[in-house]
Amino acid sequence: MSTRLTTGGARIARNKPVTFTFNGKTLKGFEGDTLASALLANDQMLMGRSFKYHRPRGVVASGAEEPNALMNMGEGGKFEPNQRATTTELFDGLVAQSQNHWPSLEVDVGVVNNAMARFLPAGFYYKTFTFPKFAWKHVYEPIIRKSAGLGKAPTERDVDTYEHFYFFADVVVIGGGIAGLQAAKTAALSGAKVLIMEQDPAWGGRAVVDGGMLGEVPAADYVSALVAELEGMDNVTMRNRMMGAGVYDHGYVTGYERLRDHAPEMAGPRHRLWRIRAGQIITATGAIERPLSFAGNDVPGVMLAAALRDYLVMYGVSVGDRVVVVTNNDDAYRTAIAVKKAGLDVPVILDARAEGGGAIAGEARALGIRVENGKAIAKVTGGKRVKSVKICAQAGEGGVLEEIECDAVAMSGGFSPVVHLWSHCGGKLTWDEEHAMFRPDAERPPKGANGEGFVVPAGAANGVLDMGVGLADGDHAGRLAVEALGLKAADANLPAFDQAVEAPLAEVWMMPQGAGPKLRAKAWLDYQNDVKVSDVQLAAQEGYESVEHTKRYTTLGMATDQGKLSNINGLAVLSHALDKPIPATGTTTFRPPYTPISMGSIAGEARGDVFQPLRRTPMHDWHEANGAHWEPVGHWRRAYCYLQGEETPHEAVSREILATRKSLGLLDASTLGKLIVKGPDAGKFMDMMYTNMMSSLKPGKCRYGLMCSENGFLSDDGVVVRLEDESFLCHTTTGGAERIHAHMEEWLQTEWWDWEVYVTNVTEQWAQVGVVGPNSRKVLEKLGGVDVSKETLAFMEYTQGKLGAFDARIFRISFAGELSYEIAVPASQGAALWDALYEAGEEFGVTPYGTEAMHVMRAEKGFIMIGDETDGTIIPQDLGLNWAISKKKEDFLGKRAQKRAFMDNPERWQLVGLETTDGSVIPDGAYCVAEGDNANGQRNVQGRVTSTYYSPTLGKGIAMGLLHDGPNRMGEVVSFPGTDGKSYEAKVVSPVFYDPDGEKQNV
Amino acid sequence: MLILECPYCGVTGEETEFHGGGEAHIKRFGPGSSDADFETYLFMRENPKGVHFERWRHVNGCGKWFHAARCTMTLEVFGTYSAQTFEPPKEIKDAISAKRPGWSWREFS
Amino acid sequence: MSELRSALAGAVFDGIAKVQEAGLCGMIAFRGDLSATKVKNAVTGVTGVDMPGQRGCNVGGDNGLAWMSPDELLIMVEHDKAELVLETLAKGLKNQHYMAENVSDARAVFTVTGKHAAEVIAKLAPVDMSTFSVGEIRRTRLAQVPAAFWMHGENAYTVVCFRSAADYMFGILSMAAQEGSEVGVFG
């Protein structure tokens, strides 16, 4: 059984006990524990169930690579699934539940899949669910959906907050082991601004666990001194609990800092995503030990050798009393020695190498440990924990020589450098035959903005596994990085060290090498996704030669751990099955993030009220207080209508329209874009921007204008006012101001840069109110000031001056077809103007109206709306707007394009009005059908609806639409099938439904 | 995510401050031009693997348009320069030649 | 004169830094030939501060000049002086091609002050705040909206954005200044 030893455990504080619960059971651990070490200390070997076969699984690793010990963590608004027990720091009150089982971890019905494993091989999804056809929807899919996914989905909103942080450094070191710390020191001594991050709460990496001497001092002391030295340097920023998540173009690095996972009760953001720009990046990310592929290598109690050593040394936890060690390299001997020295038993070390280990093997033997060379594990017995191992010759097919009882197995298949961050942005790898590993190819680094490499690997991440050499490699990386930045590398005094003399590793991809089908089907490669050696071999046999295809067919490496333990073993098995060398098979692509990061950290501050900017007009608060039913228009919030009492939005819109047409309406038009175009060449420029002749507009006059793209398509419209001889005010659509401003600047800066014109966006300087209806003039006259009489301020004229207490610009323009004015005042006076107009209008029954009433009223008048009548493929000629296209002008944007054959073409659909024969409202987006079918057997179409409303003014449905040869078909009745099964019959009419002669707006 | 230097305000900023505007050095053809010229102007674009000239706007910044010479394969930036020019300036061309001898792009080399 | 309202009526948030809406400020968007002596004289004349260089920002009391682009300045004056300044500029720049628009009310202005003020900005803007200093202006984005900022003193920043985004800006600045969110990397 696994237990806490009475001594040892460099990380835990035995005087600080911590209480937590696992699957409802209350357990105890110590401050400094991880959840995994605390569970092991409580003899909780079983930590979860695998995804596909629901096999019992225990923890196999001690760090970020852990595939098995995934937990549903926390409760309510702090719940999060798939958290690795190995990287979860224990805190008082932690609540964890194991995943992927029912009804309980110990008794799981889903384990029936395990018995069926023979019938669920790789690709069984693709093979099984195709027949019979009906079964997919009714049988297979519901079952698959139920079993899909690991862990539970959260049901409550995340109560925590998250943030980003932008940071800049000359050198960013990822990984705070001995190589990273030394690299940071060398770079910092050379004068670089350095950031070093470590995903773990503690610095020093493996050196602290494995000990040894650096110069005259033990490794752990050396690390402490290095850390203290770095902490004392002004140009160094040190962050632990921060993982290098991704490396991207031009030195962009993301750092995932876990601020409150270990202390959730403290105020402040839970995670912080650092968005770092680095001159040079040093990846000192260490290496990950590989499992060995033998039958039963997933039984709880089988663990990576170095992980088992971690639990012993760092947390004082024994995984078992009798630990069998199986290895193909010297490193695992350290585990055997550590176990033995802790007073526990190592019945045997099985070294798959015929020649056995180096000096360290002698050391083990001297401690009385039995060492067997050329031996392997044929099989591990046990269900929910290890009972024994059956020993065989590695060279054979698995004939059992001996069975040894034990309760833990420490395995080591060699190490794989963590090359992920090196590879994220295109760093290439080379195959190191000697150590059987892919390591960074220094000749082919990822390249940055200047075309030079910007990532330097260091230490174990560079394939240098020896501690002393790793330290020197860290120094070397630091030097390379600062020299790439043009600095002179400073000399760091490195300690003298003895490089350990090791026997070479032997490639062992299958154990034993001749394992038969029965053993291969129980030799796990990918623990989390239940991919076995036999699955990869099956994929190869079925023709999946590319590693990327094999990955997807078998799901190898597609789990939340992204194959940190399985990828190299898997592709070695694939290579052997294909009879290709491993480098020829290649690796799958390493993509960020290195381990999963929280969605919250990616979103940062962008959630809740500030998920996105909501733009507010100066009168926003009044609308809010007076029943506004909001509508998003771009990022703006506009009132769709104002609800009174129990009325529906539809009823409110009708009320607002009737009241406005009868007497007086108010519209907050502040969102309309307002651009000032000024300069000696302003007239010339306006003529290019608009289809209309704008240079002939007289100061004080207004003109409705159209803007097209060079492609000829209508892009915006609005009223242009000539303020002065050299100055125009251009109104754009709501939300169009930035776009049109950019459009104008683009032409001025990149085509006509010699023209003397300036443009400024003054949209938000002005609050603008539409005063609309037969009584609008009376209200303005009541406020007093500027003369707004018919004689002084005619339709389409502009004036400015005092309106009551306000500095106002007054435009006599109309979008509703009534007598109306738009009053603009500085935004700081907007709310007061609205109040004044409302108060003055009360005797006329003033009615504020929203965007929907505005839309309906403009449709009643046959005015087009950008985005309704246009969709980026519509030219003004389609909409009967030829009158607004100057024929005198030689050039304007879009003119040439509109001469193209398919633009200047009577076959194009044209704007018409549509009046349903029964008064109903045609559904939005309905198409007008024609006779016959097209080549696809679909009904031919001859037009479509662009705007459709119930008109309270006319008491019936009205619509505008585009129809083939429309203007020549007045009076004809055409059909619009709805998605409701009904067909809507409509008469083709003029689009101007209301006051066709414009008498009402001209009074 | 790229970093670019705006030649107008001198800021070296990340891509989120900028907005890409497609190919640079395009000659406008207006009314009276042939269909072929107009088609080339409006639609025909280079799609090189390697040296490319682009327009960018410092949209979250000084608002100015500028040009960038860039490698589409390695994302190396050879230089940025004013948008108010008909061709890449000599120092930009030299910078490219130093890194990509024998390069050519449309009529430039 | 009617009642004048800034976007947020001086809203305040106190956390690891103090965030405050600064009320109405006089601002004029000025475009013209910044190298012309006439222009220099006119804009320094109305503000009483020195002409700023590239990305420079010179502030004295309510008055200031900020370099916005090679042909644009932001002229800062008292809110109720802006119209008067426009007239003065018009007199001084007769026959000169320029543009001056009162944009005082198109803006919302905030101050972010306190020991961690720079960190609050660095959580939102892709700018190296460790090297940012008094006398500079930076036009950039804060989270999702365009903004500009400069230092008006030690650990004191002025942030300007569009008035319609005031509520959003106050929200993100307050979020970035929440208690317990010190980063601890500057100074």
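## Exercises on a predicted model

**Exercise 1. Pairing around strand E46 of chain A**

Task: Work out how strand E46 (residues 909-916) of chain A pairs with strand E49 (residues 956-964) of chain A, and over how many bridges. Then find which residue of E51(A) is the bridge partner of Glu915(A).

Solution, step by step:

1. E46(A) and E49(A) pair in the antiparallel sense, over 7 bridges. Keep in mind as you look that this is a predicted model.
2. Now turn to strand E51 (residues 983-989) of chain A, which is joined to E46(A) by 4 bridges and runs antiparallel to it.
3. Find Glu915(A): its bridge partner in E51(A) is Lys987(A).

As a reminder, the strands of a sheet pair through backbone hydrogen bonds, in either a parallel or an antiparallel way.

**Exercise 2. A sheet of chain A and the helices on it**

Task: Give the strand order of the open sheet of 6 strands in chain A.

Solution, step by step:

1. Read across the sheet: the order is E42-E43-E44-E41-E35-E45 (chain A), and the pairing is mixed.
2. Follow E42(A) to its antiparallel partner, strand E43 (residues 806-811) of chain A, to which 6 bridges join it. Within this pair, Gln800(A) has Arg809(A) in E43(A) as its bridge partner.
3. Finish with helix H23 (residues 776-783) of chain A, lying across strand E41 (766-772), E42 and strand E44 (820-826) of chain A. H23 runs at about 125° to E41(A).

**Exercise 3. A sheet of 5 strands**

Task: Find the order of the 5 strands in the open sheet that holds E3 and E7 of chain A, and state what the twist averages from one strand to the next.

Solution, step by step:

1. The order is E3-E2-E8-E6-E7 (chain A), again with mixed pairing.
2. Strand E3 (25-31) and strand E7 (80-84) of chain A are at the edges; each has a single partner strand, so one side of each has no neighbour in the sheet.
3. From one strand to the next, the twist averages 40°.
4. For a closer look, take strand E2 (residues 13-22) of chain A, which pairs with E3(A) in the antiparallel sense over 7 bridges. Here Thr21(A) stands opposite Thr26(A) in E3(A).

**Exercise 4. Burial in chain A**

Task: Decide how many of the 11 residues of helix H8 (residues 305-315) of chain A are buried.

Solution, step by step:

1. Start with the whole chain: of the 1003 residues of chain A, 57% count as buried.
2. Count along H8(A): 11 of its 11 residues are buried, so the helix is largely enclosed by the rest of the structure. Among them are Arg309(A) and Asp310(A), as well as Leu308(A) and Val313(A).
3. Step past the helix to Gly316(A), which follows H8(A) and has a positive phi, near 60°.

**Exercise 5. Chain C and its contacts**

Task: Which element gives the most residues to the side of chain C that touches chain A? Which elements give two or more residues to the side of domain 1 of chain C that touches domain 2 of chain C?

Solution, step by step:

1. Begin with the totals: 42 residues of chain C are in contact with 39 residues of chain A.
2. Strand E3 (26-31), strand E7 (99-102) and helix H4 (166-176) of chain C each give two or more residues to this side. H4(C) gives the most, with 6 residues.
3. Sort that side of chain C by class: 21 nonpolar, 11 polar and 10 charged residues.
4. Now go inside chain C, where the assignment gives domain 1 (12-23 + 106-176) and domain 2 (26-104). Their centres, taken over C-alpha atoms, are separated by 23 Å.
5. Between the domains, 8 residues of domain 1 of chain C are in contact with 11 residues of domain 2 of chain C. On the domain 1 side, strand E9 (137-142) and strand E10 (145-153) of chain C give two or more residues.

Note on methods:
Residues numbered from 1 in each chain as written. Chains lettered and ligands numbered in written order. Predicted model: local features only at pLDDT ≥ 70, side-chain atom pairs only at ≥ 80, totals over all residues. Contact = placed C-beta atoms within 7 Å. Nonpolar A, V, L, I, M, F, W, Y, C, P; charged D, E, K, R; others polar. Pairing = 2+ DSSP bridges. Axes fitted to C-alpha atoms, helices over the stretch in contact; angles between N-to-C directions. Domains from an automatic or database assignment. Buried ≥ 20, exposed ≤ 12 C-beta atoms within 10 Å, placed from the backbone.
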